[in-house]
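This report describes one protein model for a reader who has not seen it before. Please look at the sequence and the structure first, then read on.

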Amino acid sequence: MYLSPEDGLVALPHGPGADWARTALDLSAFEENHEGIHVLALNTPATAQNSIDTLYRNAQHFGITVDITRRPFIGDAARRIAQALDGTWEVEIGNLQLPQSDARQRLRWAWSAPVRSLSSNPRAYGAQMSAAAFLTHEDGRELVVTEQPYADQLLVGVLAPHIEFLSLDIQSPTSIGAPTGQTALKKITRTLLPSYDRALAGAHLLMLDATLAQVREARDSAEHADLMPLASALRQHAPYLIRHMRSTLPGPLAAQSAAVLDRAEKTFTLAPPPEDHAASELLDQWLEHGTRLTEMTRSLDHGLIDRPAPAAQPGLPQPPSGPASPSPNTPPLSRHHR
């Protein structure tokens, strides 16, 4: 259980007694405001004290224990980071110690090392990495903020918007580690987000290449083409490249380049496939404007795919072979409830 300046008391059930812990928390007026994250406001001391007394009685009755840690709650740092970043970021927090939690499933989409390695076995780090915060921007970008195990610092990485991106042969985004939220914010804006944007552009470019190859195959085939999957894939990847070219290149685009983007936008985002269009004519349009878009992206954004590797990313220490050792200023943690 954590003491949070924003939420009050924050409890994370885990271990074999997690279900009983949830029941005890519910009966003690704790509210589950995120998955596996139960909070008790402390703005009314008498009411809060009554809830705490009830919790300890329930814990004794159900055979579980309540432990309090002095470590800061990851949600507090994540919310401060989200408020300081440009744009609107929605924050969701998840309990990583629940085996079937949505937070653990979302870590499978982690794109940047070493956060990506955590998705295979977050329980190996036990109480050193009890929760994760997911920051989602209005444009779809997603950050994950958690604790770097055994290092007393924040670890921030990114999630891939499409599972196929994880297997592409491009340089993945650069995770950052930092001892404070303020330092993390500087590294996020200077290192992580630029590497994320570059990786997204490269991944969308490769996926658009692959989709255009399917379009070409469908056009040259004697069989009737199923246009809907192709249309869906094109609209997943082409609009991002159009936005990327308009927003990241220095100075105004030349008239010819701007016209290429305008025609591609009309083809892939604004105009749905007309029902009376012949399939071959529509495939020709997709192929023409998609190819021009990929060629222009490569010609104006040099090194989008082939670029130098970034600086070394923060590594993760190996978890101890035995039970995780608590930090010097942290009380022993129960295996039943935290």
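Axes are lines fitted to C-alpha atoms, for helices over the stretch in contact, and the angles between N-to-C directions run from 0 to 180 degrees. Helices (H or I, at least four residues) and strands (E, at least two) are DSSP runs, numbered from the N terminus.

## Basis of the report

This is a predicted model, in which local features need pLDDT of at least 70 and side-chain atom pairs count only at pLDDT 80 or more, while totals for chains, interfaces and linings use all residues. Residues are numbered from 1 along each chain as its sequence is written, and side-chain values use heavy atoms, with hydrogens and water left out.

## The chain as a whole

The protein chain has nine helices and nine strands. Of its 338 residues, 49% count as buried. Buried means under 20% relative accessible area, exposed means over 50%, and partly exposed lies in between (1.4 Å probe, protein chains only).

Contact means heavy atoms within 4.5 Å. Among contacts between residues at least 6 apart in sequence, 72% join residues at least 24 apart.

## Helices α1 and α2

Helix α1 covers residues 18-27 and helix α2 covers residues 45-62; their axes come within 9 Å and cross at roughly 150 degrees. That angle makes α1 roughly antiparallel to α2. Angles under 35 degrees count as roughly parallel, over 145 as roughly antiparallel, 65 to 115 as roughly perpendicular and the rest as oblique. The crossing of α1 and α2 is right-handed. A crossing is left-handed if the near helix is turned anticlockwise from the far one by less than a right angle, and right-handed if clockwise. On the α1 side the contact is made by W20, T23, A24, L25 and L27, and on the α2 side by T54, L55, N58, A59 and F62.

Q60 also lies in α2, and it counts as exposed at 67% relative accessibility. Although Q60 and A24 are 36 residues apart along the chain, their C-alpha atoms are separated by 9.6 Å. In the loop between α1 and β3 (31-34) lies A29. A29 has a positive phi of about 75 degrees although it is not a glycine. Most residues other than glycine have a negative phi. With a relative accessible area of 46%, A29 is partly exposed.

## Helices α6 and α7

The axes of α6 and α7 come within 9 Å and cross at roughly 140 degrees. This makes α6 oblique to α7, and the crossing is left-handed. Residues of α6 including D197, H204, T211 and V215 meet residues of α7 including L230, L234, H237 and H244.

How accessible is H237, buried or exposed? H237 is buried, with a relative accessible area of 2%. Its place is in helix α7, residues 227-248. Leaving aside neighbours within four places in sequence, H237 is in contact with H162, F165, H204, M207, L208 and T211.

V215 lies in helix α6 and counts as buried at 0% relative accessibility. Leaving aside neighbours within four places in sequence, V215 is in contact with L230, L234, L283, W286 and L287. V215 and L234 are 19 residues apart along the chain, and their C-alpha atoms are separated by 9.6 Å. From V215 to L227 there are 12 residues in sequence and 8.8 Å in space, C-alpha to C-alpha.

## Helix α9

Helix α9 has 22 residues, 279-300, which at 1.5 Å a residue should span 32 Å; its end C-alpha atoms are 32 Å apart, which agrees. The expected span of a helix is 1.5 Å times one less than its number of residues.

The buried residues of α9 are L282, L283, W286, L287, H289, G290, L293, T294, M296 and T297. L227, in helix α7, is in contact with A279, L282, L283 and W286, leaving aside its neighbours within four places in sequence.

## Nonpolar cores

A nonpolar core is a set of buried Ala, Val, Leu, Ile, Met, Phe, Trp, Tyr and Cys residues joined through side-chain atoms within 4.5 Å. The largest has 68 residues, and those with the most contacts inside it are W111, L135, L143 and W286. Helix α6 (residues 181-220) supplies the largest share of this core, 16 residues. Apart from it lies another core, of 15 residues, among them M1, A11, A59 and V66.

Not counting residues up to four places away in sequence, L143 touches L85, W89, A133, F134, L135, G157, V158, I188, L192, L193 and Y196.
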